[in-house]
Amino acid sequence: MRIWEIALFIANFTLILGSVLVTRKRGRSFYGYAWATAATAVLSLVQIIAEGYRWQMLPVYAASLVTGGLALLRRHTSRKAEARADTLPEKPRAAAKGLRRGIVAFLFLVYAGVSVALPTLLPVFSFAKPQGPYPVGTTTMMLEDPSREEPATADPADRRKLMIQIWYPAQAGTGTGPAPYIEHLPEILDGLRQAITLPPFLLGQLKYVHTDAMQNAEPSREQERYPVLLFSHGLTGFRNQNTFQVAELASRGYVVVGIDHTYDAAAVVFPDHTATLKLEHTSGFDAYVDKSRLWVQDAKFVLDQLQRLNDPSQKGMFSGRLDLNKVGMFGHSFGGATAAQMLLADGRVKAALNMDGTLYGKPVPEGGFGKPYLQMNAELSISRDVFDKSLDQAIQQSGRSREDYEQFWDESAKRRQRATASSEAYSVTFAHANHMSFTDFYLFSPLLHPKGAEPRQTQASINALTVAFFDRYVKGNPGPSIEEVAGRLPGVTMP
C-alpha cells in the first residue's frame, strides 16, 4: 500500500473501532462521529488526488460510509428500545451484549482483512533502486525498414515497423519527469489477456507504477561514448517486461535498447495504429525457423539504425555517444534464443545472455557459439521430473504425440549442452524459479511467484550476473569471474 493509502486505512479503522468499542452519550457520539466521518472522507479525497483512485481501495473508501451509518444508527436509536433492554434480567442482557459485540468483531475482522488484502495482493509496487553511479534516462522511437515487407499483414505495401525504447546513463536534473512503467497500458493488458487469460482490470493499478528513469533526459556527459546492449522480449511479451534489469544496466553505464517485435509482442502502439498480438499455436523447432529469422532481422536492423543515430552529422541526442564496437544482446524466452542466434548472425554482437530461452533457430554448432555466452535456466524449466509430471496433460490439450514431446525435450537439452561447450560459455540454474521468474511479472502480485523463488532476490541475482557478464565481455573490464559471482548468490548453481 502507498503512503496515503496506509494513512487512510489507519484513520478509517481507528474510527470504526472507536464507534464499536467506545461508549458515549448519544448526542456527543453522533456529532463526534459525524466530524470524524467528514475528516476521513476528506482524507479519501486527498488520497485519490495525490495517488490516484484504484478499485482495490473501494473497501477502504467505504469505511467513511460505514462510520457515518453507525453514527446515524446511534442518533436514531429509540429511548424506548433502550429502556426495554434495561428491563431484561442481567444474564440475558449480558449475553445479548456479548453476542452483539462478537458479531461486530467478526464483521470488523472480515472487513479489515478484505481492505488490506486487495491493495496488498494487487499492489502499486516500486522497482528496486538501480545500484550504478548514473541516473537513468529513457526515450522511445519508431523505426521503419523500407527493405522488408510486414509478413503478418496481407497488404504487400506494408513495411516492417518497430517501436524501440532506449534506456541510457543520463545527466542528473534533466528530463520531463519519471517515466511510466508501461506506456499505452490498456493496449498492452488487452494483448496479455490473449496470452495469459488475465482480465485487464485486475492489473489496472500498473498505470500508477513509475520507474527511476527520467523521460527524455539528456545523456550523461561523464563518458564520451557508452557500450550498447539490445534487449529482446519473449513471445507475447513487451519491451518493458524486464525493467528491473534494463534500468540497472543503464545505471551501470550501458545504453540498452528494448525492441518490440511487432505482432509477436502483447501490443505495439505506433503513432497511427496499434499492432495487436497475433498469437500462433505452433510448436517444435521447425515451426519457428521463420520466426527466428524474422527476429534476427529485426535485431540487425535496429543495430543498423543505431549506427545511423550515432552519426555525428545527425546532431541527435545519441550522435557520437554510442560505442558500437562494444555491443551485446540479451533476451528472455524466444528473445533469449534470438540473442544467441545473433552471435552466429552478426559479428557486431560480442556476447549474448539467454534467460530461459529454448534455443530455437539454426542448430547450435558442435563447439558452441565461439563467443561469450551466458545461459540462465529456471530449475522448473529444465527439470525432467516437472516435464514428466506435466506430459500427460500437455498431450491431452495439444493433441501431439508423446514421441513429439520426448524428441523436443531431447533436442532442447542437446542444444543447451552444445551452447555451453566453449571456454567462455556459462550455464547457471536458479533454484525453484520458473520461466517468468526472469521478468517483472512476479512483482505484479505476491500470489504469483513459485515458492522458494522470491522475486526481488531472484532479480538481484539476475542483475549481479548480468552486470558481471557484460562488464567482462562487452566493456572488457577485469573483475570477479562468472563462477565467483554465481558462487556468492543464494540458490544459484553452475554445473
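1. The chain of this predicted model exposes about 23500 Å², and carbon and sulfur atoms supply 58% of that area. Of its 495 residues, 48% count as buried, and its secondary structure comes to 14 helices and 13 strands. Among contacts between residues at least 6 apart in sequence, 75% join residues at least 24 apart.

2. Helix α7, which spans residues 243-251, deserves a separate remark, because nine of its nine residues are buried and the helix is therefore largely enclosed by the rest of the structure. The buried set includes Phe244, Val246 and Leu249, but Gln245 and Glu248 also belong to it, as do Thr243 and Ser251. Just after α7, Gly253 takes a positive phi of about 100°.

3. Arg160 and Glu150 meet through their side chains in a salt bridge, at 2.9 Å from N to O. The pair links distant parts of the chain, with Arg160 in strand β2 (residues 159-169) and Glu150 in the loop between β1 (136-149) and β2, 10 residues apart. Arg160 is buried, and Glu150 is buried as well. Both residues also belong to a network of salt bridges that links them with Asp145, Arg148 and Asp298.

4. A second salt bridge joins the side chains of Asp260 and Arg239, at 2.7 Å from N to O. Because Asp260 lies in strand β6 (residues 255-260) while Arg239 lies in the loop between β5 (226-232) and α7, this pair ties together parts that are 21 residues apart in sequence. Asp260 and Arg239 are both buried.

5. The side chains of Arg402 and Asp392 also meet in a salt bridge, at 2.4 Å from N to O. How exposed are Arg402 and Asp392? Arg402 counts as partly exposed because its relative accessibility is 41%, and Asp392, with a relative accessible area of 48%, is likewise partly exposed. Both assignments follow from the cut-offs, as partly exposed covers the range between buried, under 20%, and exposed, over 50%.

Methods:
Residues numbered from 1 in each chain as written. Predicted model: local features only at pLDDT ≥ 70, side-chain atom pairs only at ≥ 80, totals over all residues. Heavy atoms only, no water. Buried < 20%, exposed > 50% of the residue type's maximum accessible area, 1.4 Å probe, protein only. Helix = DSSP H or I, 4+ residues; strand = E, 2+ residues; numbered from the N terminus. Salt bridge = Lys/Arg side-chain N within 4 Å of Asp/Glu carboxyl O. Contact = heavy atoms within 4.5 Å. Areas by Shrake-Rupley, 256 points an atom, 1.4 Å probe, with all protein chains shown as cover.
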